[in-house]
Amino acid sequence: ARGVRAGAFPISIDYHQFQEEATSREVAEAAWHIHENLPERQIVLGVDRMDYTKGIPERLKAFRHFLEAYPEHRNKVTLVQVVVPSRRGIPEYEDLKTEIEQLVGEINGQFTESSAWVPIHYIYRSLSHVELLGYYRASEVALLTPFKDGMNLVAKEYCACSLEENCVLILSEFAGAAAELQKGAVLVNPYDRVGVSDALHRALTMPEDERRSRMRALRKSVKKHDIFWWVDSFLRASFEIDLDSFPVVADYFPSTAEKR
């Protein structure tokens, strides 16, 4: 007979690295250029790889409902939806790509009144690391609504890069990260278009002090439970020893305290 141990070890990110990179001149310039190209706009950001589990079509439909239900946000809010190509050549994924592009075209055609405002900016390509962090810094709201997701590290990256803290994370309750980030994020059911629409309105009209309080709590959580905490907790449970007294492992996986 042998024993089996089960545990929950939610993976994370290198918080300090993302925060440091977000303060760089290159990222600051990238964020400035984004705002320059979208002047006087509140930016809502979605970042996903092309996959049916990410709920991108439903998110777009929820955004359309948001513009219909809350016309006061027209000409003031832009959804930047970044989709990273994935599994090219597979018919189901090509169909999904077509559906997304058709929805973007329909929504932009429905609401665009002049060339000065386009509701959805659709980016179908991989972004460079600097570009991605620039969008994180430039966006007032992150809208991440997968139908199911093991974790969704984009949510944690967004929090780590939100240096001004005057922003809001809207997150699917079916994302793994929701359990950790529920105290600061606005959680939604991605199948509920009206609920997502209302959450967007709430986020965009939320008082600044509440925005900062929520994001401060999110950043504190991500900072505490970073990738080094994950490695430590996983290996300590596996070896049932103090890693600091086991030099070989400690050399490769420095403790969270040492990293900080």
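This is a predicted model: local features need pLDDT of at least 70, side-chain atom pairs count only at pLDDT 80 or more; totals for chains, interfaces and linings use all residues.
Six strands form an open sheet with parallel pairing, and the order is β3-β2-β1-β4-β5-β6. At the edges are β3, residues 120–124, and β6, residues 186–188. Each has a single partner strand, so one side of each is left without a neighbour in the sheet. On average, neighbouring strands are turned by 20 degrees against each other, direction ignored. As background, strands of a sheet pair through backbone hydrogen bonds, either parallel or antiparallel.

Two of the pairings in more detail. Strand β1, residues 42–49, runs parallel to strand β2, residues 77–84, and eight bridges join them.

Now β5 itself, residues 168–172. How many of its five residues are buried? Five of the five, so the strand is largely enclosed by the rest of the structure. V168, I170 and S172 point one way from β5, while L169 and L171 point the other way, and all are buried. Note that the list includes the serine, S172.

Next, helices. Helix α5, residues 129–138, lies across β1, β2 and β3. Its direction is about 140 degrees to β1.

The other packing is helix on helix. The axes of α3, residues 56–69, and α4, residues 91–111, come within 9 Å and cross at roughly 10 degrees. The cut-off for roughly parallel is under 35 degrees, and α3 and α4 are therefore roughly parallel to each other. On the α3 side the contact is made by I56, P57, L60, K61, R64, L67 and E68. On the α4 side it is made by L96, E99, I100, L103, V104, E106, I107, Q110 and F111. By class, the residues of this contact are ten nonpolar, one polar and five charged.

Last, the cysteines. A search of the whole structure finds zero disulfides. For C159, the nearest cysteine sulfur is that of C167, 7.6 Å away, and a disulfide needs the sulfur atoms within 2.5 Å. For C161, the nearest is the sulfur of C159, at 9.4 Å, and C161 is in no disulfide either. Are these two cysteines buried or exposed? C159 has 0% relative accessibility, so it counts as buried. C161 is also at 0%, and counts as buried.

Conventions
Residues are numbered from 1 along each chain as its sequence is written. Side-chain values use heavy atoms; hydrogens and water are left out. Buried means under 20% relative accessible area, exposed over 50%, partly exposed in between (1.4 Å probe, protein chains only). Axes are lines fitted to C-alpha atoms, for helices over the stretch in contact, and angles run from 0 to 180 degrees between N-to-C directions. Helices (H or I, at least four residues) and strands (E, at least two) are DSSP runs, numbered from the N terminus. Angles under 35 degrees count as roughly parallel, over 145 as roughly antiparallel, 65 to 115 as roughly perpendicular and the rest as oblique. Contact means heavy atoms within 4.5 Å. Ala, Val, Leu, Ile, Met, Phe, Trp, Tyr, Cys and Pro count as nonpolar, Asp, Glu, Lys and Arg as charged, and the others, Gly among them, as polar. Two strands pair if DSSP finds at least two bridges between them.
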